[in-house]
Amino acid sequence: MKKSLFSLMFLFAFFMTQSQTQTQTKTLHQNQKISIDFKKDRNLWQALTYDLGNMAGGMGYAYSRPLHWKSNQFANLGYVAAGTSALYLVDDHIDNWANNWRGNVPRWLADYGNEYGSPNNNFMLTGAVYVTGLLTKNPKLRRTGVLLISSASASGLLQQVSKRLIGRARPKANVGKSTFDPLHFDRVFNYDSFPSGHVMLGFTNAYILAKHFDNPWIKAGLYTVGSIPGFARIVDRFHWVSDVVFSTALSIFIVEAIDKYLDRKYDEKYNDKRKAKKIAWDLQFTPQSFGVVMNF
């Protein structure tokens, strides 16, 4: 199951990106003098080291963005904080309500979400995408791999540190949503609920792959697949709903920051239409409901 899942996702990422990429081939005569353009004509090792530097640079850029935020960014942070807080108030109620239908969720769906969002499978997938782009000299696939790896690494490191600092109890600990055991260097079993690494890694991949497409239905489909890890973690009581929503929003912020950084490093861009066409994420409150709305 795990191997077939990995193969399917890899082939999807590879062929769908290939379908929208035009590759150009350059031939050099054997006795022609080769001059290295450090922007375009790198050999394999030079390309690899350049990409590794951009992965680290992208992580640093994402972490430093709060120091450069303006009113709009702080407003978005306020929306996310307000939404997370609102969900925190009803976390216990949602967990209890989910007990009515947890047993009806197909096990294969929950297992898929848990496997797809796991760090091992995530880095196998992202690594395969990057290596394929590097070896085939496909610039769009290679840049996708750089964005996948740097975003997953930034998300993974951030959530690992946050778990230890916050120490929130998981639902399965059965001690309630408001129980914390913070400030541990080592993770404490069942006290590492916030934020969710599976959610961040799973949705990061889907959000990045969706950047290849303009069709809103394809985007929505990818976002739905990327949301399955969050659903699975709620079903298996590893995370509260507020954990999942906050982690999803955080993964979007990280991807957008790193993507903006990589736009300055690579010719291939996904955001040429960024100013003309945006995806907006809004929080909506009513007396009966709370929700996240995507406008595209």
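Some ground rules. The model is predicted, so local features need pLDDT of at least 70, side-chain atom pairs count only at pLDDT 80 or more, and totals for chains, interfaces and linings use all residues. Residues are numbered from 1 along each chain as its sequence is written, and side-chain values use heavy atoms, with hydrogens and water left out.

Let's start with the overall build. The chain has nine helices and two strands. Helices here are DSSP runs of H or I with at least four residues, strands are runs of E with at least two, and both are numbered from the N terminus. Walk along the sequence and you read α-α-α-α-α-α-α-α-α-β-β.

Next, burial. The chain has 296 residues, and 43% of them count as buried. Buried means under 20% relative accessible area, exposed means over 50%, and partly exposed lies in between (1.4 Å probe, protein chains only).

Now contacts, meaning heavy atoms within 4.5 Å. Take the contacts between residues at least 6 apart in sequence: 72% of them join residues at least 24 apart.

On to the rings. How many aromatic pairs does the structure hold? It holds 10. Rings of Phe, Tyr and Trp (its six-membered ring) pair if their centres lie within 6.5 Å; planes under 30 degrees apart are stacked, over 60 edge-to-face, and the rest tilted.

One of the pairs is Y112 with Y116. It is stacked, at 5.6 Å centre to centre with 15° between the planes. Both residues sit in helix α4 (residues 107-116), four residues apart, about one turn of the helix. Y112 is buried because its relative accessibility is 12%. Y116 is buried too, at 4%.

Another stacked pair is F203 with Y223: 5.8 Å between centres, 25° between planes. F203 belongs to helix α7 (residues 197-210) and Y223 to helix α8 (residues 216-235), so this pair ties together parts 20 residues apart in sequence. Are these two buried or exposed? F203 is buried, at 3% relative accessibility. Y223 is buried as well, at 6%.

There is also a cluster. W97, W101 and F231 make up one aromatic cluster.

The charged end of R65 sits over the ring of Y61, 3.8 Å from its centre. K177 has its charged end over the ring of Y88, 5.4 Å from the centre.

Now look at the surface. Y63, L157, V161, L165 and L183 form a nonpolar patch, with about 490 Å² of accessible area together. Patch residues have over 30% relative accessible area and no salt bridge; like charges are joined within 9 Å, and nonpolar side chains (Val, Leu, Ile, Met, Phe, Trp, Tyr) within 5 Å. Helix α6 (residues 139-166) gives the largest share, three residues. L183 lies in the loop between α6 and α7. L183 is exposed, because its relative accessible area is 66%.

Last topic: salt bridges. Side chains of opposite charge can pair when their charged atoms come close. Our cut-off is a side-chain nitrogen of Lys or Arg within 4 Å of a carboxyl oxygen of Asp or Glu. The structure holds 13 salt bridges.

Take R107 and D236, which meet at 2.8 Å, N to O. This pair links distant parts of the chain: R107 is in helix α4, D236 is in the loop between α8 and α9 (241-263), and they are 129 residues apart. R107 is partly exposed at 43%, while D236 counts as buried at 19%.

Then D263 and R143, also a salt bridge, at 2.8 Å, N to O. D263 is in helix α9 and R143 in helix α6, so parts 120 residues apart in sequence are tied together. Both residues are buried.

K211 bridges to D259, with the closest N and O atoms 3.1 Å apart. K211 is in the loop between α7 and α8 and D259 is in helix α9, so this pair ties parts 48 residues apart in sequence. K211 is buried at 12%, and D259 is buried at 0%. Through shared partners, salt bridges join R143, K211, E256, D259 and D263 into one network.

Technical notes:
Lys NZ or Arg CZ within 6 Å of the ring centre and 35° of its normal. Areas by Shrake-Rupley, 256 points an atom, 1.4 Å probe, with all protein chains shown as cover.
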